[in-house]
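Dear colleague,

Please find below the structure for your review. My notes on its salt bridges and on one of its pockets follow.

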Amino acid sequence: ADDLAGQKRYRLSTQQELAWDARLDGIVADLCESGADIICLQEVQSTLNPLDAPSNHLADIERRMHRKGFDLAYGRKAVRAFGKAIGNAVLWRRALFELDGHPLVEPVSGNPTSLPPAGTCIPTAAASPAASSPTPTDTHAG
């Protein structure tokens, strides 16, 4: 989130290093180099206005990581000034997992401890070792 990446906090960083485009390149590189199949991100900035592209870090992360083979689910936890929202994102490798449930998580009555079920990431049939071997329910008597 932009409000969390300012020169007050990061005095040794330049404005250029703290600019969103520079941070995005580093975030995507680090996530891809990690080799993780499931990634959780906190404090991801989105916007309530889809036309407010410079503030929509979520859309930028989703677009870049989708090209790298990841899908994403996001849960907004707070709305800040000027239509900016902050939330958490979960990314998973599309080739290995699929979402089993609804990808949108919204707080119930503004209480972040009462979240509705968001679904889970389950192995895809192609990634599951059990998918290649028949189970008793898969075989048919001839």
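A network of salt bridges links E43, K77 and R80 in this predicted model.

The salt bridges number six by the rule applied. Among them is the one between the side chains of D25 and R64, at 3.0 Å from N to O. D25 belongs to helix 2 and R64 to helix 3, and 39 residues separate them. D25 is partly exposed at 42% relative accessible area, as is R64 at 23%.

A further salt bridge joins R93 and D37, at 2.9 Å from N to O. R93 lies in strand 3 (residues 84-93) and D37 in the loop between helix 2 and strand 1, 56 residues apart. R93 is partly exposed at 22%, and D37 is partly exposed at 33%.

E43 is also one of the residues nearest the centre of the second largest pocket, together with A1, W20, I27 and Q42. This pocket holds about 240 Å³ of space and has a lining of 14 residues. Nine of these are nonpolar, three polar and two charged. Strand 1 provides the largest share of the lining, five residues, while helix 2 (20-34) and helix 3 (57-67) each contribute at least two.

With kind regards

Methods:
Residues numbered from 1 in each chain as written. Predicted model: local features only at pLDDT ≥ 70, side-chain atom pairs only at ≥ 80, totals over all residues. Heavy atoms only, no water. 1 Å grid on protein atoms, 1.4 Å probe; cavity = no way out; pocket = protein on both sides within 12 Å on 5 of 7 lines; lining within 4 Å. Points joined across faces, edges and corners; volume = space filled by probe spheres on them. Helix = DSSP H or I, 4+ residues; strand = E, 2+ residues; numbered from the N terminus. Nonpolar A, V, L, I, M, F, W, Y, C, P; charged D, E, K, R; others polar. Salt bridge = Lys/Arg side-chain N within 4 Å of Asp/Glu carboxyl O. Buried < 20%, exposed > 50% of the residue type's maximum accessible area, 1.4 Å probe, protein only.
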